[in-house]
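Subject: Structure handover

Hello,

Here is the structure I promised to send over. Please open it next to this message, and read the notes below with the model on screen.

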Amino acid sequence: MMENAIEVSGVKVAFGSHVVLRGVDCTVERGSIVTFLGRNGCGKSTLLKVITGNLRPNAGTVSIGGRPLASYRSGELAREAAFLPQIHETLKDMTVLELAACGRYPYQHWWSGVSTKDREIVADALRRTHTYHLKERTVASLSGGERQRVWIAMALAQEPEILILDEPTTYLDICHQLEVLELVNQLNREEGLTVVMVLHDIGQACRYSTKLCLLENGTIRQSGAPMDVLTREVIADAFGVEANIEMRGGRPSVIIDGLCR
């Protein structure tokens, strides 16, 4: 049986009288790519904030790497899991190399400078994301796809076991969306990196995930392999669209036909 990288049990979140998560249970197996899907407002990003320790739930527990989330210090958690939120902010004149080097913060102390090992790990992270040639450029000067790959390089510089991405393809054109998702898939396939994502595109989620968790009204309606979760009936009910699912190149492909009539 595959070891679980993340375990979520009975998580509930409410903001005043507004209940966002209503008792979520899910697992992320080590070495898998798990994507949370659902309509806007169903609780996907809130669940990621709970998993990463950025939001304390009203009830329920989260374990990372077999340990309760509450037992981690911030530096410890950053070495286990790297989180990229949907919106990134950098200083206007920050270079690619400087941003990627920020990923080494969990390993540094106020009394020690940047080590040779730190520099080697940052350079390797840039090479793995195909951004080393951009290292002297400012982040602000990059295209959207280049910028996203540099942020992923920063996350990889943390040397995490788990990479958590909140809508990593937002604001990107289709070419750069696929570029980012192919990179994530490569890191998972070749290095065994566990990946947790929130995506809106049903077809991309189906193509690039080993497991889907479909959220609806603050609970996980279904979870499992893409072909088991995304049936025509489920897509119609959950998203209000008609779709066909085909196998292409050994992978499931979702073709949206239009709104449900």
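Start at the hairpin of β1 and β2. It has 2 residues between the strands, and G16 takes a positive phi near 65° there. Strands here are DSSP runs of E of at least two residues, helices are DSSP runs of H or I of at least four, and both are numbered from the N terminus.

Before going on, the ground rules. This is a predicted model, in which local features need pLDDT of at least 70 and side-chain atom pairs count only at pLDDT 80 or more, while totals for chains, interfaces and linings use all residues. Residues are numbered from 1 along each chain as its sequence is written, and side-chain values use heavy atoms, with hydrogens and water left out.

**First sheet**

β1 and β2 run antiparallel and are joined by 9 bridges. Two strands count as paired if DSSP finds at least two bridges between them. V11 has V24 as its bridge partner in β2.

β1 (residues 4-15) also pairs with β4, again antiparallel, through 5 bridges. There, V8 stands opposite V62 in β4.

Together, 4 strands make an open sheet with antiparallel pairing, in the order β2-β1-β4-β5. The edges are β2 (18-29) and β5 (67-68); each has a single partner strand, so one side of each is left without a neighbour in the sheet.

Helix α1 (residues 44-51) lies across β1, β2 and β4. The helix runs at about 120° to β1. Contact means heavy atoms within 4.5 Å. Axes are lines fitted to C-alpha atoms, for helices over the stretch in contact, and angles run from 0 to 180 degrees between N-to-C directions.

Another open sheet has 6 strands and mixed pairing, in the order β6-β7-β8-β3-β9-β10. β6 (81-84) and β10 (219-224) are the edge strands, each pairing on one side only. On average, neighbouring strands of this sheet are turned by 15° against each other, direction ignored.

Look inside this sheet at β3 (residues 33-37) and β9 (residues 211-216). They pair in the parallel sense over 4 bridges. F36 stands opposite C213 in β9.

**Another hairpin**

β11 and β12 form a hairpin with 2 residues between them, and G249 in the turn has a positive phi of about 60°. The strands, β11 (residues 241-248) and β12 (residues 251-259), run antiparallel and are joined by 8 bridges. V241 has L259 as its bridge partner in β12.

**Salt bridges**

Side chains of opposite charge can pair when their charged atoms come close. The rule used here asks for a side-chain nitrogen of Lys or Arg within 4 Å of a carboxyl oxygen of Asp or Glu. The count comes to 13 salt bridges. One of them joins the side chains of E3 and R30, at 3.7 Å, N to O. E3 is in the segment before β1 and R30 is in the loop between β2 and β3, so the pair ties together parts 27 residues apart in sequence.

**Pocket and cavity**

Both come from a 1 Å grid over the protein atoms alone: a cavity is a set of points where a 1.4 Å probe fits but cannot get out, a pocket is an open set with protein on both sides within 12 Å along at least five of seven lines, and lining residues have an atom within 4 Å of a point. Grid points are joined across faces, edges and corners, and a volume is the space filled by probe spheres set on the points.

The largest pocket has a volume of about 320 Å³. It is lined by 16 residues, and the closest to its centre are G53, R56, P57, L69 and A70. β4 (59-64) and α2 (74-80) each supply at least two lining residues. β4 gives the most, with 4 residues. The lining divides into 9 nonpolar, 5 polar and 2 charged residues. Nonpolar means Ala, Val, Leu, Ile, Met, Phe, Trp, Tyr, Cys and Pro; charged means Asp, Glu, Lys and Arg; the others, Gly among them, are polar.

Best wishes
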